[in-house]
Amino acid sequence: MNAKLEQSESNSGLDIVKLSLAVLFVVGGLFGFYYFADQWSTALRAIALIGAFVLAGLVGAGTHSGRALRVFIAESQFELRKVVWPTRDETIRTTGVIIAVVIIISLILGLIDLILKWVVMDWLLTLGH
């Protein structure tokens, strides 16, 4: 965990305007992609849609939330470097254990199901006859 104190800053009025503009870019890009389906080629519409997403990302990156997201991603990448990944042999052994446990539990549940079926269907229902 990071030892930094969390800032309790919220988005300012300008940040809210920027975020609204970013949302408008995304909505406008999606609207244009479908509105111009008959008039533009799919490649041109896809380029325009990607452009709208990039513009929205650039505008959103300039806000407090965008900066916080960049810090979060940077810290996540730093933490990912600390991960110790299992070797191939460890992965194969662990997978084998999991498969064996699943089979054993399936057999136990099947046995319980057979016992309950026998108790309910063959024994309890015949008591009334």
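The side chains of E79 and K82 meet in a salt bridge, with 3.4 Å from N to O, where a salt bridge is a side-chain nitrogen of Lys or Arg within 4 Å of a carboxyl oxygen of Asp or Glu. This is a predicted model, in which local features need pLDDT of at least 70 and side-chain atom pairs count only at pLDDT 80 or more, while totals for chains, interfaces and linings use all residues. Residues are numbered from 1 along each chain as its sequence is written, and side-chain values use heavy atoms, with hydrogens and water left out.

**Salt bridges and charge**

- By the rule given above, the count comes to two salt bridges, and one of them joins the side chains of K117 and D122 at 3.9 Å, N to O.
- E79 is partly exposed at a relative accessible area of 36%, where buried means under 20% relative accessible area, exposed means over 50%, and partly exposed lies in between (1.4 Å probe, protein chains only).
- K117 also counts as partly exposed, at 44% relative accessibility, and D122 is partly exposed with a relative accessible area of 40%.
- The chain carries 10 positive and 10 negative side chains, and the centres of the two sets lie 8 Å apart; Lys and Arg count as positive and Asp and Glu as negative, with His and the chain ends not counted, and the place of a charge is taken as NZ of Lys, CZ of Arg, CG of Asp or CD of Glu.

- D15 sits in helix α1, which covers residues 13–35.
- D15 is buried yet has no salt bridge, and the nearest side chain of opposite charge, R67, is 4.3 Å away.
- Leaving aside residues up to four places away in sequence, D15 touches G62, T63, H64 and R67, a contact being heavy atoms within 4.5 Å.

**Overall form**

- Along its principal axes, the C-alpha trace of the chain spans about 75 × 50 × 35 Å.
- Buried residues make up 11% of the 129 residues in the chain.

Definitions and conventions. Helix = DSSP H or I, 4+ residues; strand = E, 2+ residues; numbered from the N terminus.
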